[in-house]
Amino acid sequence: MVLKDIDELRRINDEELYRPHPLTPYQIKVLDNQLASVHSTMWNVPLGIKLKADVVDPQQFLEAATRVIEAHPVLNTRIFVDVDGTFKQQICPGFAKCQLKHVSEQEMKDIIGQYPKPFDLINSHLSLVDIYATEENVYVFIDAHHIIYDGSTARVVFTELVSLYEDLDCSMEDDLFPGFSVLEQRYLETEECQADRAYYEETYGGCSWCNMPEPDFPLEDVTAGNYRLSMGVSIDEMKEAERRCHTTRARLANAAGLLALAKHAGQKDVMITWIFHNRSEKWKANMVGMLIRELPIGIHISELDTLDDLYKSMNKQMKESTKRCSYQYMVNHEEALINDSMEVNYKGSGIRFENALPCLGDLGQGAEMLSLDELIDESEARMEIDVFEAPEAEPDEQIYISALYIASLYKEETIKGFFELYRTMFQRLVKAEKTMTIAELMAD
């Protein structure tokens, strides 16, 4: 969707802010998946921090959190069923949960284990800031459901929370996400949308893509399996590969997924998906909402000669699809947990605490990140590979994957074999010249 007039966006935002609106296709996908496992916190985006009481005023922190919630309307979203039996969403000021409680350190031992908490979704708050103050520490839990909130949004909220704590009177730009969301709904009725749909259909339609390691068993349940594996390369080696092949770490991780899938399945036409953060425009910088988009990459191995050809094909597709990301091709063409494509996300250090630490300033003295046990008993996708960085680890363990998949689909040896193949392709790409042939990369 091309935004031509920011003033028009502001007008629509003001007009539509508190009116009910339908859920987006992606939100419906998330809702269906969550309602199938109501006690799971797989769609939560939680963060827990312990701060020292002698450097933090808990009441002032509560006031800052309240202002953050007021400044970002989507945090007060309510999902409900209207008289026609249709799920709707509506912004209701004051709906989010934000509270401060004074407790003892002994009580906190039990309280920490309660987070993250499942959200009820229907007619219930979808975001929270819970603050607990003891004589020694101040504990802060920030969480929201993925149906309204994504990882880049979490960084916006945390950064603004710290800024407002330091200066409650500091000015904040208007968050125009509600208006943007309305424009995206209207976009579906435009010629622009039809042109974007035509691009996706021409590029990806009419091909029988291999988009997942072949399951060993039919789907019986969606119990999650988890696999963690170090890639055996360092961050410095990743940087050198980026320079040498004029690519990015995310492209390299995606390329490894495509090649591993092609070799594992013995197929020439393979597709994966990746997550676009959708914040390239300046006016989106402070938006809080579900901005990310799931976009496709499909390659025909027989049409590629060298690694450079592969990266160029990927770059072209990613550039085009980011321009057309308001048309959610993957959401419209896939059924969750049935025929969805393998997802590869390069998350780097994500919103890990060491990245948040500089934002804390003086508040960071003696601060600790709380380890929260997320209840991810069911998978939100058939297979998702997240690639992380751990700068503090030994060099050959600094890059690792944490993969989630539907355990009932695969034998243990199948999963182990595929992820080890992914590591092999990853390592080869890190060491390869861009002139290396695809045949050489995929050779036994």
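This report describes the cysteines, aromatic pairs and charge-over-ring contacts of a predicted model.

## Cysteines

The whole structure contains zero disulfides. For Cys 98, the closest cysteine sulfur belongs to Cys 170 and lies 16 Å away, which is too far for a bond. Cys 207 is likewise in no disulfide, the nearest cysteine sulfur being that of Cys 210 at 10 Å.

Both residues have intermediate accessibility values: Cys 98 is partly exposed at a relative accessible area of 25%, and Cys 207 is partly exposed at 26%.

## Aromatic pairs around Phe 180

The model holds 18 aromatic pairs. One of them joins Phe 177 and Phe 180 in a tilted arrangement, with 6.1 Å from centre to centre and 50° between the planes. These two residues belong to helix α6 (residues 177–187) and are three residues apart, about one turn of the helix. Phe 177 counts as buried at 10% relative accessibility, as does Phe 180 at 3%.

Phe 180 also pairs with Trp 283; the ring centres are 5.8 Å apart and the planes stand at 65°, so this pair is edge-to-face. Because Phe 180 lies in helix α6 and Trp 283 in the loop between β9 (269–276) and β10 (293–300), the pair ties together parts that are 103 residues apart in sequence. Trp 283 is partly exposed, with a relative accessible area of 23%.

## Aromatic cluster and charges over rings

One aromatic cluster is formed by Tyr 199, Tyr 200, Tyr 204, Trp 209, Tyr 327 and Tyr 329.

Two arginines are placed over aromatic faces: Arg 78 lies over Phe 80, at 4.2 Å from the ring centre, and Arg 228 lies over Tyr 400, at 3.7 Å from the ring centre.

Methods
Residues are numbered from 1 along each chain as its sequence is written. This is a predicted model: local features need pLDDT of at least 70, side-chain atom pairs count only at pLDDT 80 or more; totals for chains, interfaces and linings use all residues. Side-chain values use heavy atoms; hydrogens and water are left out. A disulfide is a pair of cysteine sulfur atoms within 2.5 Å. Buried means under 20% relative accessible area, exposed over 50%, partly exposed in between (1.4 Å probe, protein chains only). Rings of Phe, Tyr and Trp (its six-membered ring) pair if their centres lie within 6.5 Å; planes under 30 degrees apart count as stacked, over 60 as edge-to-face and the rest as tilted. Helices (H or I, at least four residues) and strands (E, at least two) are DSSP runs, numbered from the N terminus. A charge sits over a ring if NZ of Lys or CZ of Arg is within 6 Å of the ring centre and within 35 degrees of the ring normal.
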